[in-house]
Amino acid sequence: MSEIRFMKLQGLGNDFLVISVDDVSALRAARELARQMCDRNFGAGADGIVFVTRARHSDSDFASRIFNSDGSEAGISGNGTRCVAAYLYYTGMWTEPEIRIATAAGVKNGTLIARQGARFDLEFDMGEPRFASGDVPIALDRPLSSVIGHPLNIGGESFEVTCLSMGNPQCVLFVSDLDHVNLSELGPLIEDHPVFPDRTNVEFAQVISRNEMKIRIWERGAGHTLSSGTGSCASAVAAVLNGMTERTVVVHTEGGPLRVAWRGDNRVMLTGPAEVIYEGHWLRE
């Protein structure tokens, strides 16, 4: 019987199984393995699985690919990328304070801020948000340079949505009270809405002040998650676009706070923790 060594990590309750491989570009049966291992009843349980290897190009130190719990491949995960970095530091595969991790959405540059045992605080440059409807993508009657406060019919009711890409599609809805949001009903309706050809991540956001907001997340391919790095970035950027907050904001997810700074050079910086939970051996064939 073959076995696979893996490590379980979490970023504010957004959990991942990280596996070191020889070559992320030559993965076989990764989608099925993700479905099996991420299953919370019959597997190890996680929101996603990340494969990592040493990079073959000079612009990055490591390369990664991430798959959601439903087996679909994700372009990028902010929390997942921090978890990969924490894995690399914890195992001693990397020791420098700066780290570059290649993802399907480009190379992400990170900085180790602090370490306490198996917990690592990291800041990552998540890149530039893209706003054009074709970049999200969202299929509208006519292309738009930005999708801000756009009406969207969901279950017979009209909602205003702000959509953008953080390397993956994001749809943000601002509400006055998160406690009254039926996430399990509205989340999948928006994720699979026909206007989103690649499906979408969904964030319901409530602004607390000019420097603080809270969100609840329905993640594409994983469902309800306690936190999302790219979702937090998208929510913060959307709040600025709608004139609700400053460009630096603390985003309170259900799993805890993340700091997002949309800089003047259009780069979005994400700061938060990642923690190693346990190491295991997958024994199923």
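The model is predicted, so local features need pLDDT of at least 70 and side-chain atom pairs count only at pLDDT 80 or more, while totals for chains, interfaces and linings use all residues. Residues are numbered from 1 along each chain as its sequence is written, and side-chain values use heavy atoms, with hydrogens and water left out.

**Aromatic pairs**

Let's begin with the rings. The structure holds five aromatic pairs. Rings of Phe, Tyr and Trp (its six-membered ring) pair if their centres lie within 6.5 Å; planes under 30 degrees apart are called stacked, those over 60 edge-to-face, and the rest tilted. One of the pairs is Y89 with F120, which is stacked, at 6.2 Å centre to centre and 20° between the planes. This pair links distant parts of the chain, with Y89 in helix 2 (residues 78-91) and F120 in strand 8 (residues 119-125), 31 residues apart. Helices (H or I, at least four residues) and strands (E, at least two) are DSSP runs, numbered from the N terminus.

Y89 counts as buried because its relative accessibility is 7%, and F120 counts as buried at 0%. Here buried means under 20% relative accessible area, exposed over 50%, and partly exposed in between (1.4 Å probe, protein chains only).

F131 and W262 form a tilted pair, 6.0 Å centre to centre with 55° between the planes. F131 lies in the loop between strand 8 and strand 9 (147-154) and W262 in strand 16 (residues 256-262), so this pair ties together parts that are 131 residues apart in sequence. F131 is buried at 19% relative accessibility, as is W262 at 9%. W262 has another neighbour: R247 lies over its face, at 4.1 Å from the ring centre. A charge sits over a ring if NZ of Lys or CZ of Arg is within 6 Å of the ring centre and within 35 degrees of the ring normal.

**The largest pocket**

Residues I4, R5, F6, M7, V18, I19, S20, Y87, T91 and E279 line the largest pocket. Strand 1 (4-11), strand 2 (14-20) and helix 2 each supply at least two residues of this lining, and strand 1 gives the most, with four. A pocket is an open set of points on a 1 Å grid over the protein atoms alone, where a 1.4 Å probe fits, with protein on both sides within 12 Å along at least five of seven lines; lining residues have an atom within 4 Å of a point.

**Salt bridges**

Two of the lining residues, R5 and E279, also meet in a salt bridge. A salt bridge is a side-chain nitrogen of Lys or Arg within 4 Å of a carboxyl oxygen of Asp or Glu, and the structure holds 16 of them.

| Salt bridge | N to O distance |
|---|---|
| E279 and R5 | 2.5 Å |
| R56 and D23 | 3.7 Å |
| D47 and R40 | 3.1 Å |

E279 in strand 17 (residues 268-282) and R5 in strand 1 are 274 residues apart. E279 counts as partly exposed at 45% relative accessibility, whereas R5 is exposed at 52%. R56 is exposed too, at 61%, but D47 is buried at 7%. Salt bridges that share partners join D47 and R40 with K8 and D15 into one network.
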